[in-house]
Amino acid sequence: DARATAVPDTLRLLAVMVEFLPDDDARTSGNGTFDLTEPLVRMKDPPPHDFGYFDVHLSFLKNYYAKVSGGLLEIEPVLLPDIYRLPVPMRAYSPPKNSADNAELGRLVADAWRLVDSTTPGTEFERFDAFVIFHAGVGRDIDLVSIYGYDPTPFDIPSLYLNIGSLRKIFGDDYEGVPVRGGAFTIRNSMIIPETESRTVPVIGGNILLELGINGLLAANVGSHLGLPDLFDTRTGRSGIGRFGLMDGQSIFSWGGFIPPEPSAWEKYFLGWGNPLTVAGGS
């Protein structure tokens, strides 16, 4: 039976903003810190990429799931107000493209939550079901080889959802999650989301701004947390169902990544949000 058996009515989500040691490495986008400047041109998802910016994206996520679930799932997001800086450059958390376990992303998850725990005592991690790391920089989620002929920023960080199974592939079968609050609680999942997917692309005669949003990434990562499988080839990026459901790469960046489509009928059935009708064959 494809129907999910235990989708929570309320999903409590804790999000944090994490940046890195500033650097001038041209093989990563930006300098490792959040863009907090005022925009020089009109654009979608403009900076400053601060608390208000990410809070609005979390409001979109809440409203999206309330709508597509028919009110059956309420997301209660909480975004911590501080920006946390890790003491190493972004490159340290960028896995090779052929990585078998994405160990660098596992270290990002562990280092980020340990930093939050050590510098913000009293954080009630145990109140939450799912966790989000908004990190500085642009996600390594677009096929830049088809644009440039090569990847100019190979050390950007890919956007992924890591559950306890993914973390155990990195840290071992006995791993129970990132220990926080003196070991009283362990964080067993994290969604890794960049501050933006927009980037400048050189063309003949100058540059163009490729404007892409993170709403689709957020929605699909929550889908992964709820148990939905990816419906595209995660190795090659080749589309499976196209824009006819949430869990396809084309859907994640539908309408520039700003307006993802609703989950498909099968995805809603899987999550227990609809009752299919059985149509009898004609005689």
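Visitor: Which side chains meet in a salt bridge at 3.0 Å, N to O?

Guide: Lys67 and Glu262, with N to O at 3.0 Å. They link distant parts of the chain, 195 residues apart: Lys67 is in helix H1, and Glu262 is in the loop between helix H6 (249-252) and helix H7 (265-270). Salt bridges with shared partners also join Lys67, Glu262 and Lys268 into one network. A salt bridge here is a side-chain nitrogen of Lys or Arg within 4 Å of a carboxyl oxygen of Asp or Glu. Helices (H or I, at least four residues) and strands (E, at least two) are DSSP runs, numbered from the N terminus.

Visitor: Before I go on, what sort of model is this?

Guide: A predicted one: local features need pLDDT of at least 70 and side-chain atom pairs count only at pLDDT 80 or more, while totals for chains, interfaces and linings use all residues. Numbering starts from 1 along each chain as its sequence is written, and side-chain values use heavy atoms, leaving out hydrogens and water.

Visitor: OK. Is Lys67 buried or exposed?

Guide: Lys67 is exposed, at 58% relative accessible area, whereas Glu262 is partly exposed, at 33%. Buried means under 20% relative accessible area, exposed means over 50%, and partly exposed is in between (1.4 Å probe, protein chains only).

Visitor: How many salt bridges does a search of the whole structure find?

Guide: 13. One of them pairs the side chains of Glu76 and Arg12, at 3.8 Å from N to O. Glu76 sits in strand E2 and Arg12 in strand E1, so this pair ties together parts that are 64 residues apart in sequence.

Visitor: And what does Arg85 form a salt bridge with?

Guide: With Glu19, the closest N and O atoms being 2.8 Å apart. That pair also joins distant stretches, with Arg85 in strand E2 and Glu19 in strand E1, 66 residues apart. Arg85 is partly exposed, at 42%, but Glu19 counts as buried, at 8% relative accessibility.

Visitor: Switching to the inside. How many residues are in the largest nonpolar core?

Guide: 69, and Leu61, Tyr65, Trp113, Phe125, Phe134 and Val222 have the most contacts inside this core. Helix H2 (residues 103-119) gives the most to the core, with eight residues. By nonpolar core I mean a set of buried Ala, Val, Leu, Ile, Met, Phe, Trp, Tyr and Cys residues joined through side-chain atoms within 4.5 Å.

Visitor: What is Leu61 in contact with, leaving aside neighbours within four places in sequence?

Guide: Leu13, Ile75, Leu218, Ala219 and Val222. Contact means heavy atoms within 4.5 Å.

Visitor: Back to H2. Why is it largely enclosed by the rest of the structure?

Guide: Twelve of its 17 residues are buried, so the rest of the structure largely encloses H2. The buried ones include Trp113, Glu104 and Asp117. H2 spans 24 Å from first C-alpha to last, close to the 24 Å expected at 1.5 Å a residue; the expected span is 1.5 Å times one less than the number of residues.

Visitor: Where is Ile193?

Guide: In strand E7 (residues 190-196), and Ile193 is buried, with 0% relative accessible area. Beyond neighbours within four places in sequence, its contacts include Val132, Phe134, His135, Leu218 and Asn221. Pro158 is 35 residues away along the chain, yet the C-alpha atoms of Ile193 and Pro158 are 8.2 Å apart.

Visitor: Now the backbone. Which peptide bond is cis, with omega near 10 degrees?

Guide: The one from Pro47 to Pro48, and Pro48 sits in the loop between E1 and H1. Most residues other than glycine have a negative phi, and most peptide bonds are trans.

Visitor: What about phi of Arg181?

Guide: Positive, near 55 degrees, in a residue other than glycine. Arg181 is in the loop between strand E5 (178-180) and strand E6 (185-187). Asn102, not a glycine either, has a positive phi of about 55 degrees and lies in the loop between strand E2 (74-85) and H2.

Visitor: Last one. Which residues form a nonpolar patch on the surface?

Guide: Leu40, Val41 and Leu209, with about 330 Å² of accessible area together. Patches are made of residues with over 30% relative accessible area and no salt bridge, joining like charges within 9 Å and nonpolar side chains (Val, Leu, Ile, Met, Phe, Trp, Tyr) within 5 Å. Accessible areas come from the Shrake-Rupley method with a 1.4 Å probe, and for residues only the protein chains shown count as cover. Leu40 is exposed, at 86%, and lies in the loop between strand E1 (10-19) and helix H1 (51-68).
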